[in-house]
Amino acid sequence: EIEFEDTSYPGAWNSREELERELRLRAQVTGNPNLVIDEEIYDPVARKSGVAFHYEGTESNPTEQKGAAFFELNDKELIQKAFVVTENDKSGESSLKILKLASEIIESTKDSAKSSVASSPELPSVSSDSSTLPEKYFEGWNQRDMKQAISVFGQDVEYDDTAFPKPIVGKDKLEKHLNICADVFPPSFTFVVDDKIDVGNRVMVRWHVENDSEELPFTRGCSWYIIDGGKIV
């Protein structure tokens with residue numbers, strides 16, 4: 001038995017037969033664009049492997065999609081769980097405007113439902129010496145402390161959020177981008193780390209987004225980080 005989840009599809013496949021059938025159907029519809037592995041890491045102790053990749057399309061089906069995949073292996077070094085995520089339509093700016101409106105509605109609804117309830121407690125800090133830099137970044141983000149969040153990045157960082165048309169280059173520009181995102185996300189939205197692969201200079205993190213501790217649908221993701229000189233670059 002396996003669990004193969006591709007976030008482009010509503011459900012996971014739970015057997016090799018199901019997965020093979022799906023892959024054959026995809027090949028008939030989309031052809032076979034070339035999958036190029038850009039980066040790969042492997043933790044033999046945890047038996048976890050991760051890759052960052054991009055597609056090189058065919059003439060009939062051009063594509064420039066990027067993605068990432070997170071694998072868990074069994075004791076025979078075969079894949080037993082797979083989580084694959086590919087970039088969306090790069091409508092990041094438009095999505096932020098929509099999210100801003102949604103955030104205002106969410107907060108308005110909360111305000112109208114309030115009675116004599118004490119103010120919400122601060123989110124707990126989960127940072128520790130064993131936390132990876134990406135986890136510390138998420139912690140800063142969840143606290144909406146962008147100074148803390150940005151502190152883990154190098155000065156010339158390249159931050160490629162595939163929801164947006166182009167990578168953001170430079171720590172100052174990234175901080176501005178994060179503040180814009182923080183302004184449109186409801187305060188109750190938090191990132192939760194589900195799993196990670198840490199091999200020192202490469203870290204892959206699998207995560208999802210929650211609203212008031214309830215998982216939001218279609219918000220699961222996977223991020224790849226390169227570490228140099230104690231900073232994310």
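Modeller: Start with the open sheet of five strands, whose order is β1-β5-β4-β3-β2, with mixed pairing. Strands here are DSSP runs of E, at least two residues long, and helices are runs of H or I, at least four, numbered from the N terminus. Two strands pair if DSSP finds at least two bridges between them. This is a predicted model: local features need pLDDT of at least 70, side-chain atom pairs count only at pLDDT 80 or more, and totals for chains, interfaces and linings use all residues. Residues are numbered from 1 along each chain as its sequence is written, and side-chain values use heavy atoms, leaving out hydrogens and water.

Now take β1 and its partner. β1 and β5 (residues 79-86) run parallel, joined by four bridges. Glu5 stands opposite Phe83 in β5.

Ile79 also lies in β5. Ile79 has 44% relative accessibility, so it counts as partly exposed. The cut-offs are these: buried is under 20% relative accessible area, exposed is over 50%, and partly exposed is in between (1.4 Å probe, protein chains only). Residues up to four places away in sequence aside, Ile79 touches Ile2, Phe71, Glu72 and Leu73; contact means heavy atoms within 4.5 Å. Glu1 is 78 residues from Ile79 along the chain, yet their C-alpha atoms are separated by 9.9 Å.

Move on to helix α3 (residues 133-142). Nine of its ten residues are buried, so α3 is largely enclosed by the rest of the structure. Tyr137, Phe138 and Trp141 are among the buried ones. Just after α3, Arg144 takes a positive phi of about 55 degrees.

Next, the largest nonpolar core. It has 28 residues, and those with the most contacts inside it include Tyr137, Trp141 and Phe153. Such a core is a set of buried Ala, Val, Leu, Ile, Met, Phe, Trp, Tyr and Cys residues joined through side-chain atoms within 4.5 Å. Elements giving two or more residues include α3, α4 (146-150) and α5 (171-184). The largest share, five residues, comes from α5. Apart from this core lies another, of eleven residues, among them Ile2, Trp13, Leu73 and Ala82.
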